[in-house]
Amino acid sequence: MSPAEEGRSGAGANGAGAVRAGADGAGRTGVSGRAALNVSNLSVAYGNVVAVHDATFTVAEGDACAITGPNGNGKSSILMGVTGMVRRRGAVEIFGTPAPNGDVRWAARNGLTLVPERRQLYPELTAIDNILLGCYCWTRSIGKARKSAPFGRAIDLFPELKPHLKQLAGTLSGGQQQMVAIARGLASDPKILAVDEPCLGLAEAVARRVYDVLASIHEQGTTLIIVEEAPKRALTLCNRRVEVRNGVAGAA
Amino acid sequence: MKFGNLVIAGLVTGSIYAVFAVCVAVWYRVSNILNLAVGDFAMVGALGVDNLYRVKGLPLPVAIITTLAVVAVFAYAYDRVVLRIAQDGPRRMEGIVVTFFFTFALSFFIDGVAKMLFGTDVHAAPALWNGESLTWASLHFERAGLLVLACAIIIGGAFWVYIRYTLGGKALEACGENAVGARIAGIDTRRYRWLIFMGTAVIAAIFGIVESPITGYTYLSGATISLTGFLAAAYGGFRKPGRALVAGLFIGILEALLGGYVNAEYGDTILYALLAAAVLAWPRGLGFESAVSG
């Protein structure tokens with residue numbers, strides 16, 4: 001059974017849980033036009049439940065790409081599959097090099113880092129240690145990590161975190177935790193930063209601050225992929241959109 | 001100088017608690033599994049060396065290296081087979097009770113094999129540093145005791161430095177804190193799990209070899225050793241190896257002082273009453289809360 005067929009049968013069995021995603025691969029492109037991320041026929045399944053079915057899209061270098069769609073339609077699963085957090089079918093290329101399946105470290109070393117939904121910090125480590133661990137994908141030396149440019153940049157981007165860096169991450173507010181999560185992502189020196197629901201559960205003012213930061217990260221040349229349930233805010237920043245909707249191929 | 005000698009005796013007992021506490025705490029930090037079998041690895045170390053050296057007549061270094069190699073290979077295989085199915089498979093088993101059961105079963109398994117191989121008598125590995133006890137200003141130092149203390153400080157200190165001052169150590173902590181978050185940062189959580197499981201098994205075996213001349217082991221000693229380690233590890237919230245080390249030493253000294261000054265017969269009873277009272281008084285400060293709430 002081909003991946004496509006299996007996906008379809010799974011989709012039939014699971015109804016609303018299944019998704020087909022698609023987008024305008026050759027549509028509007030970013031600044032340079034080189035493909036940063038090339039996803040073709042990506043399928044992700046959890047046991048029998050197919051979460052993503054045959055997603056094909058391209059993100060050009062310099063793009064800010066929004067992946068939008070209703071809750072439970074597989075937006076996060078696309079990012080999980082692309083970064084290798086879960087096993088996938090289909091091909092993913094990062095800057096033209098095929099990414100090995102299920103290898104998060106490879107993806108991070110080659111420029112694609114995920115800032116996950118619900119932040120996934122280490123609550124009993126200090127904020128600064130959380131951020132330092134972002135460097136783990138490219139170094140084992142704590143001294144090198146502390147002195148590195150990506151780490152410095154991650155710290156400098158959030159002046160409001162400075163007084164809280166020695167605090168345990170679990171004791172920070174939701175907004176501060178989100179900033180730590182983004183800073184951890186930046187410490188890995190990504191060329192593509194994939195941010196999953198950055199404003200989940202945040203107050204409006206904090207959410208705006210998070211988007212300001214994302215905008216400045218984008219301005220500094222990092223390609224962004226932002227997953228948002230509500231496209232309104234994301235589209236203030238993003239020049240491209242991949243719509244993920246149950247069974248609908250969504251170039252938007 | 002009764003006080004000084006009691007403290008020395010307490011430090012030696014305490015370092016036994018401390019080392020096993022550190023082994024339990026470090027692996028719990030990585031995997032969120034309590035390793036009940038840690039004491040059994042110590043027992044295998046001691047009795048294995050004794051068996052190979054005394055019964056089979058191998059030279060001592062060969063006996064030690066062979067024993068440690070067997071322990072390492074066994075621990076690796078256990079992780080690859082049992083823990084891999086339990087934790088990495090499609091039906092991941094979680095929860096302290098289930099994972100506790102796995103190491104509990106391992107402990108019984110090792111005991112059973114040890115009974116067949118080594119018999120039921122009390123044995124000990126040969127003393128590594130022979131000679132009369134050293135005396136300095138009316139303080140007496142048993143040579144074996146000094147070795148035990150040195151081992152405890154080196155092992156505990158090494159782990160403490162590793163976790164506190166290296167990126168690898170922080171990655172180790174991250175594995176237990178949030179496995180998903182650790183993988184996102186590119187940390188190989190499975191590799192850490194088997195490395196530390198194997199590492200603590202070998203450390204326990206080394207410590208069993210060094211320590212057994214003092215107390216002597218039978219095939220059932222493992223469970224007792226594990227439990228003493230648990231006690232001290234609990235004071236580190238099962239998570240802080242440095243604190244577990246200090247707690248182990250402290251409990252040892254307290255035990256010796258209570259036995260020496262208050263009442264030799266009821267020293268242990270008073271000790272455990274005091275420890276229980278301390279936990280009730282400062283659950284958070286002693287790290288118990290984090291052990292329970294995760």
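Predicted model: local features only at pLDDT ≥ 70, side-chain atom pairs only at ≥ 80, totals over all residues.

Tutor: Every value below is computed from it.

Student: Start with chain B. What is it made of?

Tutor: Chain B has 12 helices and 2 strands. From the N terminus on, the order is α-α-α-α-β-β-α-α-α-α-α-α-α-α.

Student: What makes chain B as compact as a globular protein of its length?

Tutor: Set its radius of gyration against the globule rule. The rule gives 19 Å for 294 residues, and the radius of gyration of chain B is 19 Å, so chain B is as compact as a globular protein of that length. Its C-alpha trace spans about 60 × 50 × 35 Å along the principal axes. Of its 294 residues, 51% count as buried. Among contacts in chain B with a separation of 6 or more, 77% join residues 24 or more positions apart.

Student: How do you know that the span of helix α2 of chain B agrees with its number of residues?

Tutor: Helix α2 covers residues 38–55 of chain B, which is 18 residues. At 1.5 Å a residue, they should span 26 Å. The end C-alpha atoms are 25 Å apart, so the two values agree.

Student: Why is α2(B) called mostly covered?

Tutor: The label rests on a count, with buried meaning 20 or more other C-beta atoms within 10 Å. In α2(B), 16 of its 18 residues are buried, so the helix is mostly covered. After α2(B) comes B:G57, with a positive phi near 75 degrees.

Student: B:N32 also has a positive phi. What makes that worth a remark?

Tutor: Most residues other than glycine have a negative phi. B:N32 is not a glycine, yet its phi is about 60 degrees. B:N32 is in the loop between α1 and α2 of chain B.

Student: Where is the residue in chain A that has a positive phi although it is not a glycine?

Tutor: That residue is A:R118, with a phi of about 60 degrees. A:R118 sits in the loop between β7 (112–115) and α4 (127–132) of chain A.

Student: And why is A:R118 called partly exposed?

Tutor: Partly exposed lies between the cut-offs of 12 or fewer for exposed and 20 or more for buried. A:R118 has 16 C-beta neighbours inside 10 Å, so it counts as partly exposed.

Student: How do you know that A:I182 is buried?

Tutor: Count again. A:I182 has 24 other C-beta atoms within 10 Å, and the cut-off is 20 or more, so A:I182 is buried. A:I182 lies in helix α7 (residues 174–187) of chain A.

Student: Which residues does A:I182 contact, leaving aside neighbours within four places in sequence?

Tutor: A:V115, A:V195 and A:V213. A:V213 is 31 residues away along the chain, with its C-alpha atom 9.2 Å from that of A:I182.

Student: How is chain A built overall?

Tutor: Chain A has 9 helices and 11 strands. Of its 252 residues, 48% count as buried.

Student: Which residues touch the most other members of the largest nonpolar core?

Tutor: B:A21, B:V22 and B:V24, in a core of 164 residues. Helix α1 (residues 2–31) of chain B gives the most to this core, with 17 residues. Beyond four places in sequence, B:V24 touches residues including B:L34, B:V38, B:F230 and B:F238.

Student: How do α1(B) and α6(B) cross?

Tutor: Their axes come within 5 Å and cross at roughly 65 degrees. B:Y28, B:R29, B:V30 and B:S31 of α1(B) meet B:L172, B:E173, B:C175 and B:G176 of α6(B). The residues of this contact divide into 4 nonpolar, 2 polar and 2 charged.

Student: Which element gives the most to the side of chain B that touches chain A?

Tutor: In total, 18 residues of chain B are in contact with 25 residues of chain A. On the chain B side, α6(B) gives the most, with 7 residues. The residues of that side divide into 8 nonpolar, 6 polar and 4 charged.

Terms used:
Residues numbered from 1 in each chain as written. Chains lettered and ligands numbered in written order. Core = buried A, V, L, I, M, F, W, Y, C linked by C-beta atoms within 7 Å. Helix = DSSP H or I, 4+ residues; strand = E, 2+ residues; numbered from the N terminus. Contact = placed C-beta atoms within 7 Å. Nonpolar A, V, L, I, M, F, W, Y, C, P; charged D, E, K, R; others polar. Axes fitted to C-alpha atoms, helices over the stretch in contact; angles between N-to-C directions. Expected span 1.5 Å × (residues − 1). Rg over C-alpha atoms; globule rule 2.2 N^0.38 Å.
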